[in-house]
2 protein chains.
Amino acid sequence: MDYSRIAPMMTHLWAPMAAVTSAWQGKYNAQIAVAISAASIVPGKPRVAIKIQKRNLTHDLIYKSDGFAINFLSTDQLDLISAFGLVSGRDTEKLSHVPYRLGPSGSPVLKSCWGYMDCRVVNALDGGDLTCFLGDVLEGDTLGETGDQPGHDKGPLWWRDAQRQLPPELIDEWNQKIAQEREFSAESMDNIDFTPWTSRS
Amino acid sequence: MDYSRIAPMMTHLWAPMAAVTSAWQGKYNAQIAVAISAASIVPGKPRVAIKIQKRNLTHDLIYKSDGFAINFLSTDQLDLISAFGLVSGRDTEKLSHVPYRLGPSGSPVLKSCWGYMDCRVVNALDGGDLTCFLGDVLEGDTLGETGDQPGHDKGPLWWRDAQRQLPPELIDEWNQKIAQEREFSAESMDNIDFTPWTSRS
């Protein structure tokens, strides 16, 4: 199948850019994610689903803590793409210079973001290369535009817009990272583990 | 939690309107769905995830056949919202007046739509009220605008735009249907079955 034939549909199936955070036993981390979708039609019981690649530290923290927070970036938070997306939490403490508090799930909620949802995992699905976590939204708020002079809210940050504003060397670095992630996914996405999430060790 | 505080984020986490189809043992069906998301970063192995409420006939057909097709509606296919979304396939043969062929998964692929992806289920997650199906895309194409005089492609149909064009009585009917679905979901979304998808009967 020629991917370019389905690409126009796929572009509509990703979410705005978010810093997905989690914490476990004193380790806090954040990564960039766009595989986020709504999973409930009941306003009194909101749910979301996020897909996180297995080799990421954030994946392990969510898997162990059953908690995560989705912090949608504001259009003026381009700097967080490299701070959270281009380094590994195994090498550095990514949140050391970013103000946050802990939400009810125990996950870091950024003080500055377009909007956040703090969530508790209720079930999870193995996709071989990734885990899809289904989570109850415990707490959330849309803060709107951040920065010193907020005007008309520009909405959350989308990758297509970020891409136009980031310096070329950063785009190169991002593409190299994605290429590595694709390699990992291509090798592992057929190795699906059907063990129930509740019986994980 | 006040849902209105997270509603601006949630509006970005739904997909364009699609007719999700499936077939099993001579029964063919279609329903409207917007809980569709991308699930692969590998162009050579595209995947999607869809969430389908358990009480829908399409759910049973997907569950039994392991196949489904996502047919994104074009902006001139408002009529399919009521044809597929406001009646049950248990009462009528919804596809009797709609031209289709069978895709490689055995699911009906609409001859007229903005774009389609025919998929085979590789894993599934129980959400209590719904099942989230993870599927490999076997075949797909973006056809663009349908109709007799296609001009500049208007993209797929979004609910926010459909809502402005549908007659008020149809919107009322739709809202009544959603109210019933919400009731079902609210009652069942905590009853999550952790049995692996592979051991389903």
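Which residue in β4(A) does A:Ile36 stand opposite? I looked it up: the residue is A:Ile50.

Ground rules first. This is a predicted model, in which local features need pLDDT of at least 70, side-chain atom pairs count only at pLDDT 80 or more, and totals for chains, interfaces and linings use all residues. Residues are numbered from 1 along each chain as its sequence is written, while chains are lettered from A and ligands numbered from 1 in the order in which they are written.

Entry: β4 in chain A. I take helices (H or I, at least four residues) and strands (E, at least two) as DSSP runs, numbered from the N terminus. Two strands pair if DSSP finds at least two bridges between them. Strand β3 (residues 36–38) of chain A pairs with β4(A) in the antiparallel sense, over three bridges. β4(A) also pairs with strand β9 (residues 130–142) of chain A, antiparallel again, over seven bridges. There I find A:Ile50 opposite A:Phe133. Strand β4 of chain A (residues 47–53) is largely enclosed by the rest of the structure, because six of its seven residues are buried. Buried means 20 or more other C-beta atoms within 10 Å of the residue's own, exposed means 12 or fewer, and partly exposed is in between, with C-beta atoms placed from the backbone.

Entry: A:Ala30. I find A:Ala30 in strand β2 (residues 27–33) of chain A. A:Ala30 counts as buried because it has 28 C-beta neighbours inside 10 Å. A:Val20 is 10 residues away in sequence, and 5.4 Å away C-alpha to C-alpha. Contact means C-beta atoms, placed from the backbone, within 7 Å. Beyond neighbours within four places in sequence, the contacts of A:Ala30 include A:Thr58, A:Phe84 and A:Pro108.

Entry: β9 in chain B. Strand β4 (residues 47–53) of chain B pairs with strand β9 (residues 130–142) of chain B, antiparallel, over seven bridges. I checked B:Val48; its bridge partner in β9(B) is B:Gly135. Strand β8 (residues 115–126) of chain B runs antiparallel to β9(B), joined by 11 bridges. B:Asp126 stands opposite B:Thr131. Three residues lie between the strands of this hairpin, and B:Gly128 takes a positive phi near 85°.

Entry: the chain contact. I note 55 residues from chain B and 55 residues from chain A. On the side of chain B that touches chain A, β9(B) gives the most, with seven residues.

Methods:
Two residues are in contact if their C-beta atoms, placed from the backbone, lie within 7 Å.
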